[in-house]
Amino acid sequence: MLALVVGFAELCVTRLVQIVTLDDYFYLGPRATWRTLQTQTEGRLMPLPRYLLYYLPPITLAILVARFIYERYIALPLGRHLNVSERRPSSPEPNAVLERSYRKNSKPDQKLIAGLAKSIDKPVRYVERWQRRQRNVSLPSQMTKFQEGSWRFLAYLVLLVFGFYVVPNKPYWHNTRLCWENYPNFSMPTDVFWYLMVELSFYISLTISQFMDIRRKDFWQMFIHHAVTIFLIFYSYITHYFAIGSMIMFVHDMADPWLEIAKVIGYTRPTASGGRRSKRQLVGEACFIIFMLVFFYTRLYLYPTHCIRSVTFELKEMLGPEAWPMWSFLIALLLTLYALHLFWSYQIIRVVRESIIAGKVKGDVRSADEDSSEETQTTSSRKNGHGHTPTVATKSKASASATSNGTNGGSHRGGQRR
């Protein structure tokens, strides 16, 4: 037992030294060294690390500034033109007892609610409504969601168009073995270089803005998604794995625009009079269905059968039979992204199931808990005889990003992602 502990400790120390010293074999395997990767050859574009310092900060800053300008001067007037609501939930009436209790426990159980109702001589329903309104005070308006969602739609659409221009015409898109042929003695195409730079800058901007955006229930899943995506894009760049990296990003980019446009349409209150579906709502639901089909095909089929398979088997076959440490870690990160895709697929299936039962497309499964709670309780109360059940905005998230954002890989995307 002691020998096992000592051996494990020695392995950990060895790996730590290799990580810190940027050991060639640890990061690159048997076929490459940092010196060969960083040798600039005349007439060939090599992905040198210093280019990251030259281009990433200004591109990331430009994306953040473009988002600010778009949301303030384009999305806001557009949302008002489309009658997107700017109203935020109002605060409940002041009540010292309930306020004091809320500060201690914002989600009390039924026993505590009953005790509070008795102490202030009010019905239980009054306390439940007060608690719900207090929680919903911090929720964003539909306009805020519209601004954020329309920006994401525009950004994902630009990345998808850029990806269609860059990736499908490359030989490795049709034969993934070409991602590793003659490694590391090949140069990076200029369009792939800029594709990587823009994708990496975009995911850095998403990570920064995530802490200021609408808080979602899968906040930490998206944070992990973005962190894995950034690392994998960075790693695919510095190790010359840019072929598989660009291919995985493109696969993850395909679904994201469809989701965001479906959500944006939902924020415009598309229900026709009498609770009937309007043409706008039908378009939004069609976009969601397209998103669902594209997501399942690209994230659950193309990604594992082409991308993960290539890294797992073809990379090892082409570069040597030995499994070097970073190769194993790379596989683990790609599988982490796939696990996130499975999680979001479950969320999508749950939304579809609830939609079929309710006869409409339900709300965003990634929205804040209180938003969902409010919708559920409002719907329940109206079903109990207080009018027809309103149609909720068409929205749900699975990405990226790749998806994911992809998003939410970089070999992913991973994304978000995306």
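pLDDT is the predictor's confidence in each residue, on a scale from 0 to 100. You will need that term here, since this is a predicted model, in which local features need pLDDT of at least 70 and side-chain atom pairs count only at pLDDT 80 or more, while totals for chains, interfaces and linings use all residues. Residues are numbered from 1 along each chain as its sequence is written, and side-chain values use heavy atoms, with hydrogens and water left out.

Let us begin with confidence. The protein chain has a mean pLDDT of 78, and 75% of its residues reach 70 or more. Over residues 365–418, however, pLDDT stays under 50. For that stretch the model has 302 contacts beyond four places in sequence, where a contact means heavy atoms within 4.5 Å.

Now find helix 6, residues 110–120. Helices here are DSSP runs of H or I with at least four residues, and strands are runs of E with at least two, numbered from the N terminus. Which residues of helix 6 are buried? They are I113, L116, A117 and I120; buried means under 20% relative accessible area, exposed means over 50%, and partly exposed lies in between, using a 1.4 Å probe and protein chains only. Seen down the axis of helix 6, its buried residues fall within an arc of 100 degrees, so they line one face of the helix. That arc is taken from the directions from the helix axis to the C-beta atoms. The buried residues pack against helix 5 (96–104) and helix 7 (124–136). Just after helix 6, D121 takes a positive phi of about 60 degrees.

Next, look at the nonpolar cores. A nonpolar core is a set of buried Ala, Val, Leu, Ile, Met, Phe, Trp, Tyr and Cys residues joined through side-chain atoms within 4.5 Å. The largest one has 81 residues, and Y237 and Y241 touch the most other members. Helix 14 (residues 279–319) gives the largest share of this core, 12 residues. Leaving aside residues up to four places away in sequence, Y241 touches L28, W180, Y183, Y235, S236, L315, L319, W324 and L330. A second, separate core of 9 residues includes Y102, I113, L116 and Y126.

L28, one of the residues that Y241 touches, sits in helix 2 (residues 24–28). L28 is buried, with a relative accessible area of 0%. In sequence L28 and L319 are 291 residues apart, yet in space they are 9.8 Å apart, C-alpha to C-alpha.

Finally, turn to charged side chains. A salt bridge is a side-chain nitrogen of Lys or Arg within 4 Å of a carboxyl oxygen of Asp or Glu, and by this rule the count comes to 9 salt bridges. One of them joins K170 and D191 (2.8 Å, N to O). K170 lies in the loop between helix 8 (142–166) and helix 9 (171–174) and D191 in helix 10 (residues 190–210), so the pair ties together parts that are 21 residues apart in sequence. K170 is buried, at 10% relative accessible area.

Another salt bridge pairs K263 with E260 (3.7 Å, N to O). Both lie in helix 13 (residues 256–267), 3 residues apart, about one turn of the helix, and both are buried. R309 and E314 also meet in a salt bridge (2.9 Å, N to O). R309 counts as partly exposed at 31% relative accessibility, whereas E314 counts as buried at 8%.
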